[in-house]
Amino acid sequence: MFRKLRTKLTVLYAALFGVTLLLVSMAVWGAISQAAQRQVRGELTASGTVFDRLWSMRSERLREGAALLSRDFGFREAVATGDQATIVSAMENLRHRFEVDQVFIIGVDGKVTGGDTGLLKAGEAGRLAAAFNSADDPGGVAVLGRASYQLISAPVLSPDLVGWVVFAVRLDGREMGSLERLSAIPLEAAVLHRDPAGWRANAEGGSAPGEFIDRALKQKSPDPMVLDEGGGASIALVKPLQTLMPQEAAVLVLRYPLARALAPYRPLLAVVALTGLGGLLMMTWGSWVLARGVTRPISALDEAAHRLQRGEDAYVEVKTQDEIGRLAESFNTMVTAIRDRERRITHLAMHDEETGLPNRLALEQVVDSLTLQPRARSYVAAVGVQRFDDMRGAVGYAFAAQVVRKIGNRVGALPGALGVARLATDVVGFTLTAPDDATAEEMAVAFLGRLEQPLKVGGDTIDVVLNLGLAPLSEGARSAIDLANIALDQARTGRRRVAIFDAEAYGDPSSNLSLMSSMLRGLDAGELELHYQPKYDLRRREVAGAEALVRWRHPVRGMLAPDLFIPMAEETGHIRTLTEWVVRRAIADRRAMAAAGHDVRVSVNISGRTLGERDFADFALAQAATARGGLCFEITETAVIENPELALEMLDAFAEAGIAISIDDFGTGLSSLAYLKRIRGDELKIDKSIVQGVTESQRDALIVRSTIDLAHSLGLKVVAEGVETNACCALLSAMGCDQAQGYLIAKPLPLKDFLTFLGEDAVSRRHYG
Ligand code: C2E
Ligand code: CA
Ligand code: CA
């Protein structure tokens, strides 16, 4: 309900005090009204006694007066003779003397003499006469007309009973007034009588509920009782009055309103109420001030906690030495600890533990800030260390990490390189913006030159060879980094020092994922086929063999080159299924060539992964038996380096079974003469990247020539791959190269076209070089 502690405390205290005050007031009020009631009761009882006394005194005096008259001789005679004038004058005398309202005579016959005519209705006089006749004490209250009277009578004997002298005192306002005046308290007196309809007041007024009177009359001794009426409570005493006629009843009601009794205490109560109200106000104000004193530091802590949550400065000033002060101190300590931890976590989150270099997240932030103000010539670069695993195997994990760290430090020192970060075990990323006078590629090549300087690690000098991938920043932060990594892969697989991300070569990764399942389906559906590229014997000037190169006639994407699905098939393990299909197909096609009269050795590419599988060897050996010596496996050196024992064992088994072994892609990557010597190979294929430079580059020419010599010395035939020009072919021929393969002779051809080519070749004996 109340959201602030301060309000809550204030309201609570004020409410508690208010309730206490109310209880005290109620107790005071109760005590006062009890006392007042007690006092009023006493007064009422006393007034009742006084009234009794007065009543009987007057009755006595009147009775004496009446008796005096009735015994007076002259009067009796006047009554007997019917001397009206004497009777009336005597009665008038008495009326004045005793100050009564009426004096009259009722005859035995019911005839009334004197008094107000009309006071007694017809029949009433007779009723009264009968009552006087029968009663022992012929006095009491009676209702004459609408008014109550106290009647006192005395018989008139002359000598026999002739009638009664009657004194009638009207119990009216005046009478009641004199009674009221006698009391010490200002009470109200009234006489009520009962008629068939209930209790009824005099014509003079006064009232009380009949039910209350009945209840009061039932009491053993007449005590004052509380009378609750619409107009307010009062205390009332009901006194029964003796009536003349036994069937009639009359009461005197004395009452005193409580409000009047309490009136003297009002000022006292008002003082109590005002003091209470003042106390309440002071209490509320005091609790508010106190609560504020208590809650202010709590609010400050609360606010600080919120600031901490928002990551803002959350220090709280410690002002007191009490619990809250200590709490604030603990809070500050906690805040410092949290800040320290946060700093450590952010550092960990942003840095690579092994090298201490920033990590990918850090680069992402730099890239994000750069993409906010995109510059057309900005790129993300990924630098990868070649043969990192081998280097790590040689120098150990710790030194390998040092190599990466040193490369990272060198990158950090490059002008124009920002956000250096370790992206993978052997990859360091950064951003670069190409200057106006150079392309990003030129800049990257220049960078590589500086980065590839020999490194000193653990007392040794290490040579590192690096590749670099570039992706334009326009691609967005995350994807630019990913694309730079892919560009690095493209540089590595393409054996280029620097590569800019090539979307076309990469294809659509999401469709690549489903590519494998559709490749397997395509194998069954006959969508894959083999094209053949001739290997031309430079000395005998004829086609000596053909390399089988797989093609996929994709129903939607059209003819797909192997570079698009072979690497993925190798990664996903589907290369085995594909290779087995190629081997079978190649053997079948070779049979078709033989049937057309051409004995051609067919070369099949076997990827390194397949070479490491023992049961593939079983399959290959069984197939070789059906090919009768016309089969060649092209393998790369790397396939052997990855798992030398098993690979060499298998290659031996293949050689044993009559399968020729060709060492493919020689001159790229890591030519290792140590393995070259151990492979029982038949031929060596010099990679097209070197072959194509042979006419221009002295260095390439040197490599090709020495490779040819080396191969020959190892007993290997040499095949030059990617021969596109006559000049190249002639130079290779002059260098002693055995065979040439390339677009100069023929592109890879479908089997039908290849058969035609073979037929033409047999006839024309083409000459190259
Ligand atoms: P590779 O074994 O080095 O095959 C030679 C590649 O050089 C072929 O590309 C061929 O078309 C191309 N080439 C031939 N002569 C010339 C030339 O004069 N100039 C130029 N620029 N290129 C020339 P292709 O057919 O696209 O094959 C690419 C790679 O795919 C192959 O490289 C090979 O590693 C792999 N590959 C192809 N078929 C198979 C296969 O059946 N199994 C396996 N495991 N790999 C295969
Ligand atoms: Ca090949
Ligand atoms: Ca090759």
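The donors of the calcium ion (ligand 3) follow the spacing D-D-x55-E along the chain. This is a predicted model, in which local features need pLDDT of at least 70, side-chain atom pairs count only at pLDDT 80 or more, and totals for chains, interfaces and linings use all residues. Residues are numbered from 1 along each chain as its sequence is written, chains are lettered from A and ligands numbered from 1 in the order in which they are written, and side-chain values use heavy atoms, with hydrogens and water left out.

**Calcium site**

- The protein donors of the calcium ion (ligand 3) are D664 (OD), D665 (OD), E721 (OE) and E721 (OE), at 2.1 to 2.8 Å. Donors are N, O and S atoms within 2.8 Å of the metal (3.2 Å for Na, K and Ca), and sites may look incomplete because water is not among the atoms.
- D664 coordinates both this ion and the calcium ion (ligand 2), and the two ions are 4.4 Å apart.
- Distant parts of the chain are linked here: D664 is in strand β23 (residues 660–666) and E721 in strand β25 (residues 717–721), 57 residues apart. Strands (E, at least two residues) and helices (H or I, at least four) are DSSP runs, numbered from the N terminus.
- D664 is buried at 7% relative accessibility, and E721 is buried at 9%. Buried means under 20% relative accessible area, exposed over 50%, and partly exposed in between (1.4 Å probe, protein chains only).

- An oxygen atom of ligand 1 is 2.9 Å from a side-chain N or O atom of K688, and a backbone N or O atom of Y743 is 2.7 Å from an oxygen atom of ligand 1.
- The protein buries 86% of the 800 Å² that ligand 1 exposes when taken alone. Accessible areas come from the Shrake-Rupley method with a 1.4 Å probe.

**A strand pair**

- Strands β12 (residues 417–424) and β13 (residues 427–433) pair in the antiparallel sense over five bridges. Two strands pair if DSSP finds at least two bridges between them.
- β12 and β13 form a hairpin with two residues between them, and L418 stands opposite T431 in β13.

How values were computed:
A polar contact is a pair of N or O atoms within 3.5 Å; within protein, one must be able to donate a hydrogen and the other to accept it, and residues adjacent in sequence count only if both atoms are side-chain atoms.
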